[in-house]
Amino acid sequence: MVPQEKREAFRAILSGREVIRPGSVYDPISARIAEDVGFELGLLGGSAASLTILGDPDLLLITLSELAEQVRRICRAGKIPVLVDADHGYGNALNVRRTVQELEAAGAAGLTIEDTLLPQAYGQAKSQVISIEEGVGKMKAALDGRSDLSLVIVGRTGAASITSIDDTVARARAYETAGVDALFFTGLKTRAELQAIAAATKLPIIMGSADGELADTAFLASQRVRVANQGHQPIAAATQAVYETQKALRDGVAPKDLKGLPSAELTNRVMRSAQVKIRNDDFLGLKK
């Protein structure tokens, strides 16, 4: 599947009537597994990218080139569309434009640009947001940076947990007017907050989290929520599994006695061994 087909598949999700839960992906294998088990969309979160690339917390220490290369590896591996957390676009509006160009070339189906002040300001323990005017400039730059109009540009704000719901609504309306394809919200806690946003806007909505009184899928769908993230448990589970395996080996457990290892069938499936064998036969004359 070529990138444009993946982008159109993502757009079909956004234009539908149902809420989907994306599969959290962070490398080619996790993306293939998400595809194989039936997820319609993959989500590369900033925290998962930071942990995978650097082994560091989500403090915006990775660079655009590092993120773009990881996106390229993930998107090359399969057919699942991938929505990428592009943070604040790695700088000002001109940097945002470059970020869009690089992630589009890497194969992303869509990307989010947020209005959080990043990196964290000196002496400020709490998160901050940039002005609405600067946020609008970033959204316009993102739209100007894409060459494939099927690439989904998502305006993201976490103002609900930083300023107020009124400010969140104002930002959402401004980013919608700027021309983004969807709106992404983090920090929403109540149905009333989501209803206020849905009433003030027309675009498809993506939720950074949807729990508590926002866990009801039917309610989310009625408010134009089309994607609701459920966290990044896969990389957390992988971390635990690797730790336990390494520790067991270090403690003297024999490899044959290890628990929780994948079967050869599963390993071959995620490596796409059958397809590789066909190519070996056709291109290298390795038929037996």
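**Surface, salt bridges and backbone of a predicted model**

Biologist: What is the relative accessible area of I29?

Modeller: I29 counts as partly exposed, a class lying between buried (under 20% relative accessible area) and exposed (over 50%), with a 1.4 Å probe and protein chains only. This is a predicted model, in which local features need pLDDT of at least 70, side-chain atom pairs count only at pLDDT 80 or more, and totals for chains, interfaces and linings use all residues. Residues are numbered from 1 along each chain as its sequence is written, and side-chain values use heavy atoms, leaving out hydrogens and water. For I29, the relative accessible area is 34%.

Biologist: I29 belongs to a nonpolar patch on the surface; what accessible area does the patch have?

Modeller: I29 sits in helix α2 (residues 28-37); helices (H or I, at least four residues) and strands (E, at least two) are DSSP runs numbered from the N terminus. Patch members have over 30% relative accessible area and no salt bridge, with nonpolar side chains (Val, Leu, Ile, Met, Phe, Trp, Tyr) joined within 5 Å and like charges within 9 Å. Areas come from the Shrake-Rupley method with a 1.4 Å probe, and for residues only the protein chains shown count as cover. Together, I29, I33 and V37 have an accessible area of about 240 Å².

Biologist: What N to O distance does the salt bridge of E102 and R98 have?

Modeller: E102 and R98 are four residues apart in helix α5 (residues 93-106), so about one helical turn separates them. E102 is partly exposed at 24%, and R98 is partly exposed at 45%. Their side chains meet in a salt bridge with an N to O distance of 2.9 Å.

Biologist: UniProt lists H232 under "binding site"; with which residue does H232 have a side-chain polar contact of 2.6 Å?

Modeller: The unreviewed UniProt entry lists S47, R156 and H232; positions follow the numbering used here, feature names are shortened, and annotations may be inferred rather than shown by experiment. H232 lies in the loop between β8 (225-228) and α10 (233-250) and is partly exposed at 22%. Leaving aside residues up to four places away in sequence, H232 touches S24, L43, G45 and S47, where contact means heavy atoms within 4.5 Å. A polar contact is a pair of N or O atoms within 3.5 Å (within protein, one able to donate a hydrogen and the other to accept it, with residues adjacent in sequence counting only if both atoms are side-chain atoms), and at 2.6 Å the partner of H232 is S24.

Biologist: S47 lies in helix α3; which elements do the buried residues of α3 pack against?

Modeller: S47 itself, in α3 (residues 46-53), is partly exposed at 32%. Not counting residues up to four places away in sequence, S47 touches D58 and H232. The buried residues of this helix are G46, A48, A49 and S50. These pack against β2 (42-44), α4 (64-76), β3 (82-85) and α10.

Biologist: What is omega for the cis peptide bond at P119?

Modeller: P119 lies in the loop between β4 (110-114) and α6. The cis bond joins L118 to P119, and omega is about -10 degrees.

How values were computed:
A salt bridge is a side-chain nitrogen of Lys or Arg within 4 Å of a carboxyl oxygen of Asp or Glu.
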